[in-house]
Structures are given as C-alpha cells and as structure tokens.
Amino acid sequence: MDFSSINPVVLMAALMVAATPILLAAIGELVVEKAGVLNLGVEGMMITGAVVGFAVAVTTRNPYLGMLAAMGGGAAMSLVFGILTQLLKANQVASGLALTLFGLGFSALVGQGYVGISPPRTAKLNFGFLSDLPVIGPILFRHDPMVYASIAIVAGVWYWLNYTRGGRILRAVGENHDAAHALGYRVLRVRMLAIMFGGACAGMGGAYLSLIRVPQWTEGMTAGAGWIALALVVFASWRPWRALLGAYLFGGIVVLQLNLQAAGFRIPVEYLAMSPYLITILVLVIMSSGRARKSLAAPGSLTKPFHAAG
Amino acid sequence: MLRLEKRPQPSKFWNWATPVLAVVLTMIAGGLLFMALGKDPFAAIKMIFWDPLFSPQFAAYSRPQLLVKAGPLILIAVGLAVGFRAGIWNIGAEGQYIIGALCGAAVALWFWPAPGWYIFPLMVLAGAFGGWAWAMIPAILKTRFNTNEILVSLLLVYVAEKILAAMSVGRMRNPDGAGFPGSRNISQYPAASNQELIANTGMHWGVVAAFIAVIFTYIMLHRHILGFQVQLAGQAPRAARFAGVAPARLIVLCLGFSGAMAGLAGMFEVSGPARMISIDFNSYYGFTAIIVAFLGRLHPVGIVLAGLLMALTYIGGELAQFMLGLPSAAIQVFQGMLLFFLLAVDVLSNYRIRLSVREAV
C-alpha cells in the first residue's frame, strides 16, 4: 500500500470531471421534480445520450456536435415519458422504469458498432496565467468546457427558478397543480417542457461520460449514475447549489475510491467499488430522517398525475 | 379534438384486453425495428413467437426452455406484484435474486461433497432468507427513516453485483478450478442440485415453487384480509390508515415477500440452469420480472401467462440471434417497448376517449 502515489491536486482536479455527468443529470431532474414530476428514467436517458453523443461525435469528428445530439436523444426519450405520463396518465414510477429498461437495450443495440473506438478529443480550456497558477490552476482552470458549462447551467437554473416569472410558474405547477390550473397556467405544457429539459440534461451528462470522462463506449457504462443523480436531488433538497455541492462531494468519493484501488489498498477492488452506492444510500437515510426531513421541502404535487376536470 | 373522460370505474374489458393490444402493437413496432436492422420482419416475429414451440426443427430443444426461463420470472413477478399493488416499489429484485443465489450456493459449498437429504431444503431456506434479508434493508430504512425504497432497493442491485464479483473470484472460487473465476459446479453435486423433475419438460423445483407462489398469492390477494389491505393501501392510502392498516407492517411484509421470492428464484437458478456462481451469473430476470408483473396486470394468473410470453421472447430471441443474426440487444429493446405500449394503452381502462368539438374561447 502506497499512499504517497495519491496526489491531492490531481485528485481534486479529477473530482470535478467525475462529478460533472451526475451534476448535469441531477440539475435536469431537479427542474423536472420542481414541476411536480418524478422521472425515474434518468439512467435510460443518460445511456441513450452516451451512445447517441458518441456515435455522432465519432461520425462527425466533433465532440460538440455529439453533445448536441446527445441532448436531442435524451430529450426525445423524455418526450416518450412525457407523453405516457402527462397525456396518457400512466404511472410515473412504472414509466420511468420503462424508460430505463428500454434505454439500456436501445443503447446496446445502437452502440454495437462503436465498441473499442476512441472518440475525438475535447480540448481543455486555457485561461492563460490562471491555468498556470500552482495548485489552483490544475484544480480549477484546466478543464474541458463542459465542466464550466455544467456550473453555468446550475447558476442559470438557480436564477431562473427563483427570480423569473417562468420559474415561479414552474414552481407553482409543482407545488399545487390544481391551484396553478385555476390561475390559468398550462400545467401539462409546463411539465412537458420541464421533462424535456431534464431529458436534454441527462443526455448531455451521458455524453460527457462516453466522450470525456471514460472516454469510450461500453454497454451499460452509466452503471447507476442516473440513479445516483436521482438520489442527489433528494440530497440537494431540490436546491440547485446544493446539487453542485453534493455532486462534487460524490465525485470526490469516486475519485478517492479509484485512487485507493490504484494504490493497492488492502481491501479488494469490489468492496471499494461498491462504496459510492453505499454512501449514496447512507446520505439518503440521513437526509430523509428526523430533523433533516423538515428542511427537505419536496414539491407538493410530486408524482401526482394531473387531469383537468371538465 | 380528442378528450379523455375518466371512467367511474376501470373497465373490466379493457383491463384484460390492453395487455393483448400491447403485445400486438409491440409485434408491429418490433417488426419495423427488425426491418430497420435489415431482417425480414415476418420471419423474425415467427422465429420469436412461433418456432420455439411448434417448429419441428427447434421445438425439441426450445420447449423445455420455456419453463426454465418462465419459472424465475413468474416467481419474482408474483412477489413484486403484491408490493406494486400496495404502492410499494421494490425495483431491486435483481439484487435480492443475486443475494439469494449466493446464500443458497454458500450452503451447498459448505457441505460439499457430503451427501444428505437435508442439504437441498437448507439451500431453499438460505436462498429465501438471503433475498428476504436484502429486501429488509430498504424496508427498514423506509419504515425507520422514511428513506425512498425505490432508490435504495435499486442502488443495492449494484452493491449485490459487486458482492457477486467479489465472491466468484474470492471466497467461493472453485479451489480445483485452476484459478478461473466461478464456484464449483453445484448442479453436478447430487445433494444440492436442482434437477429436472420430469425429463425434457424443463420442470425443476423452481417452477414448482413458482406455481405454489402463484396459488398462495392468489388466495392471499383475493381471499384474505391482507389482500384487501394491500389493495386499499395502494388505491387510497389515507382511507387505509383510517381502516387500521399499519403502513410500516405492510411495507415490511411486501418487501420481505418479494425479496424472499426473488431470493428463491436466484437459488433455484444457481443450483440448476446456471450451474454455479460466476461473475455474469445474473441475467436481468429481476428487471424483466417488473415487465412481467405489469404485463400480467399484477394478477397472479395474468403473471403466469405474461411470464410464459416473456420467456418465449427470450428463447425466440436467442433463436433469432442464431438463425437470423439478430443482435441480442434487439430483444431487450423489444421487451422495453412492450412495457411502453402497455403503459400507453392502459389509458383505455381508466379513461374513455371522447371526440369533442372544442368551444371557441
């Protein structure tokens, strides 16, 4: 066992990259849940985004086109969920599961021809002297653009939800859809748009995995990231900045665990590899029990279907 | 303009017609998918749904496989259906299946190579216990800390997969296996093997257990107060509380029952068709069983039919893979589509579709 091989600066830098996919998926799902819809299909949308983004990026040799295509793929998947749950009033839990099961199969089918290929590289940004700063430079200022984009999306969602008319309508729909309907807001339209935003974010998160983080396509490569993103929304108590914090904490655990594996820590690899899931469960327990629960403030109409009478 | 009008009561007719409609729609959409993959859609659909049962060339091998594949699916799905009816979402059956298999295999490997009539029954108990215990984690977290059982049960699947990997290269590895991952062959250990009971039928103890579970569940749901409570808790949670249904007790019972059933399925699989513990032992029965439960309308008899149909798509899918070169993932997509269509057409049983002229506002 050799702890000296673990470099804290490298670890901190890798943490942001490890956190970005789940952060993207979580911030999308946060908006969906704020609108009163629980989409359990995050895993399916992520892996669809991963494969679609990969395929397009490899074909066009452009990772950004891949990212865009992944957003489209994720949004298309979420549209299916939206039609099922909003127009056809299907159960949200079952529909979300269906999305995940379908997405895993669909991505395996599409991805067959792409195993073992490397995607086009995404350039790291260079902020001039900032990137050359010792310690802070490599940790904060030498990442790919998507890392910064994800932070910008969090900031945007936070601002939009709290300080704009649209954000308030969305929250009203999520808290009490009957009241929102009585006020004349289009509940289903708002929810459909929120669902598609969530899908696009999850797709982007998936593409980040296959194009930048790994970067490669393998079947089932999201390995529960979508479910962890769902747990992250609970951890964040539906607040955008807390989602960022949670994602980075989680990224830290993942990276540390990988580093311990590489350093030949005495615990078998499999036990280290299960730690992210166990820690996610532990966090869920802490967040949903006792005093912490009162501050949770889940949207009032979460998972309740809306059907306008008359 | 189409408008939905809520039915005062779910339609009895559509309740049973929607699964059939969903299967038909899936066949059409699946045919289009196979066409897009460059295969003859009619040949592919026939290969999946007809040839495994009736073709003189393949039926001899395929027919027994039907029960082998349907057994675990039905066993897991009846367990899940009870919880789903009560609004308790155990979606981690895959994990409970793995842990059940590991516990059953542990008993077998412990006694190996001693003979003894009691070994197999002990394995059955261990399997059920393993699945039950694994399901108790989300149950207790839910009742004690109000933690979402959907996320916990699902995350535990990944944990169980890692334990499986650790066991098959670690403690359970066959010491005579030249260092290859995987345990001893349990199906070749007479005291522990889950043999075919009637030659060439695919009937093994797991299938027997599945049918016992179906009958038991049917009686419990339709003839026992517990079934009424399950129904009530699912449809009107508030009313259920007034009627004296203890939610915590129901959660523990439903999760425990479905976990035990999934654990049993895993144990019968590892000692029979799968033969041993290996890294890729689990075959997503735990997830497919969710589709089976919904396709069977959460009704024990419906689940038997749905389980057989789903088993058919597995076997037919393998056949189409061999004969037509259809990718194995295509069958996964096909099964996923089935659940989509099922949820989509379900609207017909709860709503009437009315044609209405929209008034000018």
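Begin by selecting Lys46(B), which is partly exposed at a relative accessible area of 44%; here buried means under 20% relative accessible area, exposed over 50%, and partly exposed in between (1.4 Å probe, protein chains only). The structure on display is a predicted model, in which local features need pLDDT of at least 70 and side-chain atom pairs count only at pLDDT 80 or more, while totals for chains, interfaces and linings use all residues. Residues are numbered from 1 along each chain as its sequence is written, chains are lettered from A and ligands numbered from 1 in the order in which they are written, and side-chain values use heavy atoms, with hydrogens and water left out.

**First stop: salt bridges in chain B**

The term denotes a side-chain nitrogen of Lys or Arg within 4 Å of a carboxyl oxygen of Asp or Glu. Asp51(B) is buried, with a relative accessible area of 8%. Over all chains, the whole structure holds five salt bridges.

Next, select Glu318(B) and Lys69(B), another salt-bridged pair, whose closest N and O atoms are 3.9 Å apart. This pair links distant parts of the chain, 249 residues apart: Glu318(B) lies in helix H13 (residues 300-324) of chain B, and Lys69(B) in helix H4 (residues 59-85) of chain B. Helices (H or I, at least four residues) and strands (E, at least two) are DSSP runs, numbered from the N terminus.

**Second stop: the two domains of chain B**

Colour residues 1-37 and 336-361 of chain B as domain 1, and residues 50-326 as domain 2. These bounds come from an automatic or database domain assignment. Taken over C-alpha atoms, the centres of the two domains are separated by 30 Å. Thirteen residues of domain 1 and nine residues of domain 2 take part in the contact, where contact means heavy atoms within 4.5 Å.

The size of an interface is often given as the accessible area lost when the parts come together. Between domain 1 and domain 2 of chain B, the buried area is about 940 Å², and carbon and sulfur atoms give 81% of that area. Buried area is the accessible area (1.4 Å probe) that two parts lose on being put together, summed over both. Select Trp16(B), Leu338(B) and Leu339(B): they supply 43% of the area that domain 1 buries against domain 2, more than any other three residues.

How many salt bridges are counted between the two domains of chain B? The count is one. Arg297(B) is partly exposed, at 21% relative accessibility. Arg297(B) is in the loop between H12 and H13 of chain B, and Asp346(B) is in the loop between H14 and helix H15 (347-350), 49 residues apart.

Now show both chains. The contact takes 41 residues from chain B and 44 residues from chain A. About 3700 Å² is buried between the chains, with carbon and sulfur atoms giving 83%. On the chain B side, select Leu151(B), Leu155(B) and Phe340(B), which lose the most area to chain A, together 18% of what that side buries.

The count of salt bridges between chain B and chain A is zero. One residue pair is in polar contact (both at pLDDT 80 or more); a polar contact is a pair of N or O atoms within 3.5 Å, and within protein one must be able to donate a hydrogen and the other to accept it, with residues adjacent in sequence counting only if both atoms are side-chain atoms.

The elements of chain B that give two or more residues to the side touching chain A are strand E1 (2-6), helix H6 (119-145), helix H7 (149-169), helix H12 (285-295) and H14. Highlight H7(B), which gives the largest share of that side, 14 residues.

**Last stop: Gln92(A)**

Finally, move to chain A and select Gln92(A), in helix H4 (residues 92-111) of that chain. Gln92(A) is buried, with a relative accessible area of 6%. Not counting residues up to four places away in sequence, Gln92(A) touches several residues, among them Gly36(A), Phe81(A), Thr303(A) and Lys304(A).
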